Amino acid sequence: MQPVWPWAEVRQTPIQAVYDLLMPDESAFHVARITDIDPVILYKILQLRMDVFIVEQDCAYADMDGRDVDPTTQHLWITDRDDVVSTIRILHDRDVVEFGRIVTAKSARGRGLSRQLIEAAFGLVGNVEVWIGAQAQHEGWYESLGFVRSGPNYLEDDIVHLPMTSPAGR
Ligand SMILES: CC(C)(COP(=O)(O)OP(=O)(O)OC[C@H]1O[C@@H](n2cnc3c(N)ncnc32)[C@H](O)[C@@H]1OP(=O)(O)O)[C@@H](O)C(=O)NCCC(=O)NCCS
């Protein structure tokens, strides 16, 4: 499952058009607001986040922080058969677009899934600046996706993070 998606062509197009363009395989790529997500799939998205961010990273934190249900929040995920293997969410605040909860199942890493979801997210949000709070060990990876450091390191839930932004029109 390594589809090539025409990201450059989909910037600033309506969400449904982007969705249709990005669907090389009906079972692979998905984007929706929380109210449009099948409950079992939503369970699996949240389970993946819990398995990695809380269990694997040994970090007790409130993964479900209320932002998933914002009417403007977009959830993107990739399925492999019946499993959710990768996910990301896009938060839309008044002045800022933020990508977060970027995670791929341990068994599916290194296949470019998170990279594809981030590129898809860029395609969805269009020509705007994007902010992320990156775990420090992934700084180089995010740089390879066009993000640059925008401030000093900070500690969040005992994990070293840094703010990074991707300028509009990257
Ligand atoms: C970080 C994470 C989301 C990446 O997911 P992924 O689907 O494996 O990512 P991709 O396959 O798109 O990219 C991995 C590639 O980036 C490369 N890479 C990793 N770290 C890198 C770095 N610091 N600089 C440059 N490239 C890097 C890897 O070598 C790998 O390349 P390869 O595919 O040629 O082997 C995944 O490891 C994960 O879920 N980690 C735990 C949760 C987490 O920390 N999330 C991020 C919170 S900020």
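Student: Which elements each supply at least two residues of the shell around the ligand?
Tutor: In this predicted model, they are strand 4, helix 4, strand 5 and helix 5 (139-143). Helices (H or I, at least four residues) and strands (E, at least two) are DSSP runs, numbered from the N terminus. Local features need pLDDT of at least 70, side-chain atom pairs count only at pLDDT 80 or more, and totals for chains, interfaces and linings use all residues. Residues are numbered from 1 along each chain as its sequence is written.

Student: How many residues surround the ligand, and which are the closest?
Tutor: There are 18, and the closest are Thr104, Arg109, Ser114, Arg115 and Gly140. To be near a molecule or strand, a residue needs its C-beta atom, placed from the backbone, within 6 Å of it.

Student: Why is strand 2 called largely enclosed by the rest of the structure?
Tutor: Because six of its seven residues are buried (20 or more other C-beta atoms within 10 Å of a residue's own; exposed is 12 or fewer, partly exposed in between; C-beta atoms are placed from the backbone).

Student: What is the confidence like over residues 1-13?
Tutor: The chain's mean pLDDT (the predictor's confidence in each residue, from 0 to 100) is 88, but over residues 1-13 the value is below 50. Where pLDDT is low, the predicted coordinates should not be read in detail.

Methods:
Contact = placed C-beta atoms within 7 Å.
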